[in-house]
Amino acid sequence: MGNLEQEMKLLAVTLTGQEADIIPDSLEDICHFIAENYKAPAEVPFEQVTAPADAAAENPTKAEFDGLIAKLKEAKIFK
């Protein structure tokens, strides 16, 4: 089993709460296992917030960037 399969197996353990020894070894089978056994958390750790406005030009201004960071903090994605 390769590194990617090992990491996906660890992810499957985290997402499903199942023991690693019952999770299949092939990447495709691991993905199917996750899809069939994923348990969503009862409480979502993020809050939905209104997105900041799109940048007015190709390169965002400092104020636009700071607005994005503020929204990420408001959503509790950043501290």
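This is a predicted model: local features need pLDDT of at least 70, side-chain atom pairs count only at pLDDT 80 or more; totals for chains, interfaces and linings use all residues.
Me: How many helices and strands does the protein chain have?

Reply: Helices (H or I, at least four residues) and strands (E, at least two) are DSSP runs, numbered from the N terminus. Here there are 3 helices and 0 strands, and the pattern along the sequence is α-α-α. The radius of gyration, taken over C-alpha atoms, is set against a globule rule of 2.2 Å times the number of residues to the power 0.38. The protein chain has a radius of gyration of 19 Å, well over the 12 Å that the rule gives for 79 residues, so it is more spread out than a compact globule. Along its principal axes, the C-alpha trace spans about 50 × 30 × 20 Å.

Me: Which residues form the largest nonpolar core?

Reply: A nonpolar core is a set of buried Ala, Val, Leu, Ile, Met, Phe, Trp, Tyr and Cys residues joined through side-chain atoms within 4.5 Å, where buried means under 20% relative accessible area, exposed over 50%, and partly exposed in between (1.4 Å probe, protein chains only). The largest such core here has 6 residues, namely Met-8, Ala-12, Ile-23, Ile-30, Phe-33 and Ile-34. Helix H1 (3-16) and helix H2 (27-37) are the elements that give two or more residues to this core, and H2 gives the most, with 3 residues. Across the protein chain, 13% of the 79 residues count as buried.

Me: What is Ala-12 in contact with, beyond its neighbours within four places in sequence?

Reply: Contact means heavy atoms within 4.5 Å, and with those neighbours left aside, Ala-12 is in contact with Gly-17, Ile-23, Ile-30, Phe-33 and Ile-34.

Me: Where is Ile-69 found, and how far is its C-alpha atom from that of Asp-21?

Reply: Ile-69 is found in helix H3 (residues 62-74) and is partly exposed, with a relative accessible area of 22%. The C-alpha atoms of Ile-69 and Asp-21 are separated by 41 Å, and the two residues are 48 residues apart along the chain.

Me: Is Lys-76 buried or exposed?

Reply: Lys-76, which lies in the segment after H3, counts as exposed at 51% relative accessibility. Lys-76 also has a positive phi of about 70°, although it is not a glycine.

Notes: Residues are numbered from 1 along each chain as its sequence is written. Side-chain values use heavy atoms; hydrogens and water are left out.
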